[in-house]
Amino acid sequence: MHIALYKENIINLKKIERAQLQKLFLASKRDDLTCPCCRQTVKLKISIYDPPMFIHPSQTFNCHETIAALEKTPEVEEPKTVGSFTLPTKREISGGVATLQKTVAPLDSWQDPYPVKSIPPFIQPPNSGSKNSNYQLDDSQWNAVSTTEGPLLVLAGAGSGKTRVLTTRTAYMLTEKKIAANRLLLVTFTAKAAKEMKNRMSQIKGISTSDLNALVVGTFHSIFFKMLIHHQASNWQPDKLMKWDWQREQIIKGASKDLGIDEKEFAFDQALSQISYWKNHLLMPSQIKAETEWEEKVKFLYERYEQTKNQTLQFDFDDMLLGCYQLLKENRGLLEKYQERFSYILVDEFQDINKVQYKIISMLAEQSKNLCVVGDDDQSIYSFRGSDPSYILNFQEDFPSAKVVTLNCNYRSNHAIVSSGRNVISQNKKRKDKSIFSVRESEKSPIHFFPFDEEEEATMIVTDIHEKIINGAKPSDFVILFRTNSSSRAIFERLVESSLPFHIEQDSESFYLRRTVRKALAYLKLAYHPDDQEAIKELLGAIFIKQSSLRDLKALSILNDCSLLEALTKLSDIQPFQQKKLKKMIPLFQQLRKFSPREALEWIEKEMGLNDYVKKHGNEGNVIDKGSDDLRDLKVAASSHDRITDFLQHVDHMIEKAKEYKGQKDTENSIQLMTVHRAKGLEFKTVYILSVVEGGFPHDYSLESLREGDTAPLEEERRLMYVAITRAMDGLYLSIPQKRRGKKVNPSRFIREMNTIRC
Ligand SMILES: Nc1ncnc2c1ncn2[C@@H]1O[C@H](COP(=O)(O)OP(=O)(O)OP(=O)(O)O)[C@@H](O)[C@H]1O
């Protein structure tokens with residue numbers, strides 16, 4: 001049904017604005033919606049498949065028919081009696097839940113979901129199935145396993161059994177080729193993958209415990225660090241390793257004082273990533289040509305960072321790679337010893353190798369040439385960390401005698417999912433030409449669905465998962481993937497409000513603790529609590545006043561018997577133009593209270609100077625997560641609340657919940673939320689991908705680069721989309737919201753590509 005009562009006012013889904021739906025949904029969760037006829041509580045259902053509707057709990061009353069009759073009658077001003085019930089008149093609702101008679105009503109703007117259109121007929125790939133009875137491998141997999149001598153490039157498509165090939169190849173070399181275990185070097189990208197590899201090998205018959213112990217399996221860092229400790233123990237004392245980012249940050253924060261940088265206002269985490277990127281490209285500070293003012297500052301910090309480390313004998317993870325490279329480059333004898341020792345080298349996830357890692361591996365394999373690299377150029381997604389897919393693309397140039405084996409049977413995803421992924425990835429120009437085929441016919445195709453905005457997107461997904469769980473699915477069957485951490489705010493909140501178990505892979509703090517967001521919230525807080533010290537600190541940053549002024553403010557507030565906020569107008573050691581600005585601005589805080597949270601944020605931006613801060617500092621050093629975007633996201637979050645105090649309460653609650661979930665260990669049976677980057681290598685029965693719209697996925701920054709003529713970032717976005725699609729085994733849902741960050745958006749170009757048949 002389309003009509004319900006909220007606070008004694010009629011809500012008609014054909015007439016309210018769709019943007020108001022989320023508020024109504026929250027009201028429904030609080031049991032604030034009732035049937036206008038029988039006054040029982042009704043629920044608002046927002047799902048992927050059907051237009052929004054109110055669900056009546058009881059079938060016994062004739063409410064549906066009564067309401068249908070009401071819907072057909074012209075609007076009434078007088079109380080109307082239908083059957084035995086008196087229906088209230090239509091009234092505008094104060095507080096903003098319903099602004100009636102607007103054009104984009106939920107039912108008018110509704111778009112039905114539809115499946116991917118371009119799925120070619122399924123044909124069983126001829127070389128699929130386990131042909132080799134000993135090892136259960138298909139022909140191509142067996143080819144990769146049994147080629148042990150010489151350079152070998154295994155191009156392993158998504159879900160094509162890379163792990164199976166790697167472990168079996170090792171087993172085959174040990175048991176059938178009788179190669180001594182200590183001559184093998186197996187490099188993985190993560191410690192988890194190394195552990196998994198050893199674990200799988202321990203289950204293969206014929207591999208002895210002593211073989212397993214003699215095998216060198218590990219990450220680049222762990223293997224190279226062992227070599228460094230062995231040969232230069234005094235330079236590489238484990239207790240001098242800076243394991244944590246805060247340790248590295250401490251050094252550059254110290255150095256930043258010499259640049260007069262305000263600690264609270266500089267993106268030190270971004271600066272550290274940039275330094276790491278330069279190091280992995282073997283770029284020393286003297287070789288860097290800074291292109292922006294920000295890069296100039298980071299270059300200075302890099303120089304000072306290296307100096308401090310050298311003085312204190314500390315080192316970071318990047319130094320392990322650089323140190324090993326220097327060690328082998330400068331000691332020919334030692335290099336030869338290692339070349340002889342590791343005469344068979346195997347590198348996993350080769351598409352993500354960076355310059356320094358590639359140099360070391362090439363040196364080690366120079367003599368034997370027994371280098372087997374396994375990877376998928378279509379899944380190279382770490383260029384921001386220095387990974388360079390050109391090493392896999394050019395492998396045959398660097399090793400001309402290399403044999404290439406392509407694994408092109410996907411054993412994970414059904415035919416429709418594999419075809420969809422193939423349609424997208426084949427648009428990339430810089431890739432090895434190959435195709436991948438599923439071994440499984442599909443029961444259903446991937447679905448596109450069309451929420452109104454991020455809030456509705458989250459609500460639809462949670463409703464869908466909830467229904468599937470009621471029908472027998474397990475929470476661990478589901479993953480929700482997003483392009484960047486900041487896009488997970490709404491879905492995180494909706495899951496917190498649900499009773500569903502979930503786990504979020506978080507490497508960042510709550511959305512509400514992001515730099516620009518903190519500043520905006522500080523204005524709202526000060527409107528009610530003008531003595532809030534934390535908020536004052538944030539405000540000082542936002543209006544370009546030094547943090548040290550807080551001491552003066554405290555003194556001024558005591559002397560003048562006024563709040564910290566009012567004391568700002570009495571600061572004397574600031575510029576006259578700042579004094580003038582503050583005198584105008586401080587009285588505006590009082591006025592904020594009369595606005596809704598969203599209106600207040602707009603006012604803060606335009607009238608209270610936040611825009612100046614965002615322009616100067618908001619986007620510094622980070623093309624992916626811009627402060628200006630955070631502000632737009634914050635306004636979307638604020639839109640679901642009528643009062644600033646309610647919104648601030650919600651914010652505090654969500655900050656607490658984010659802390660709780662960050663520390664929480666993954667439980668066996670929970671819905672997973674993660675970025676696409678984190679999902680690499682994993683598989684799930686059902687995958688939801690958020691915000692598949694231009695600017696969301698592909699990310700804005702790649703479209704900006706495209707406009708400047710650089711296609712590489714867009715190709716990386718396409719690879720990311722391919723990774724996201726190919727995590728799904730059976731169900732794939734692509735969300736295409738009509739609005740994102742408060743603006744109308746277009747479906748992602750990847751949707752168009754997905755719906756266009758390729759080879
Ligand atoms: N020959 C085979 N016969 C049947 N199933 C197989 C075969 N090879 C692999 N599989 C199964 O296919 C699935 C995907 O394998 P795996 O996870 O090793 O793929 P992958 O190549 O590492 O994928 P990605 O790179 O996309 O993460 C696994 O469930 C694996 O057990």
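Me: Is Lys29 buried, partly exposed or exposed, and how do I read that from its relative accessible area?
Reply: The general idea is to compare the value with two cut-offs: under 20% counts as buried and over 50% as exposed, with partly exposed in between. In this predicted model, Lys29 has a relative accessible area of 39%, so Lys29 is partly exposed.

Me: Where does Lys29 lie, and which residues does Lys29 touch beyond those up to four places away in sequence?
Reply: Contact here means heavy atoms within 4.5 Å. Lys29 lies in helix α1, which covers residues 21–29. Leaving out residues up to four places away in sequence, Lys29 touches Lys43, Glu497 and Ser498. Take Glu497 as a case: 468 residues separate Glu497 from Lys29 along the chain, yet their C-alpha atoms are 9.0 Å apart.

Me: Is Ala156 buried or exposed?
Reply: Apply the cut-offs again. Ala156 has a relative accessible area of 1%, so Ala156 is buried. Ala156 is part of strand β9, residues 152–156. Beyond its neighbours within four places in sequence, the contacts of Ala156 are Lys162, Val374, Gly375, Asp376, Gln379 and Leu407.

Me: What about Lys162: which element holds it, and what does it touch?
Reply: Lys162 sits in helix α4, residues 162–175. Not counting residues up to four places away in sequence, Lys162 touches Ala156, Asp348, Glu349 and Val374.

Me: How many residues surround the ligand, and which are the closest?
Reply: A shell of 18 residues surrounds the ligand, and the closest are Gln141, Gly159, Lys162, Arg412 and Arg727. Helix α4 supplies the largest share of that shell, 3 residues. Sorted by class, the shell holds 2 nonpolar, 10 polar and 6 charged residues.

Me: How much of the ligand's area does the protein bury?
Reply: Start from the ligand on its own, which exposes 650 Å²; the protein buries 80% of that.

How values were computed:
Residues numbered from 1 in each chain as written. Predicted model: local features only at pLDDT ≥ 70, side-chain atom pairs only at ≥ 80, totals over all residues. Heavy atoms only, no water. Helix = DSSP H or I, 4+ residues; strand = E, 2+ residues; numbered from the N terminus. Buried < 20%, exposed > 50% of the residue type's maximum accessible area, 1.4 Å probe, protein only. Near = heavy atom within 4 Å. Areas by Shrake-Rupley, 256 points an atom, 1.4 Å probe, with all protein chains shown as cover. Nonpolar A, V, L, I, M, F, W, Y, C, P; charged D, E, K, R; others polar.
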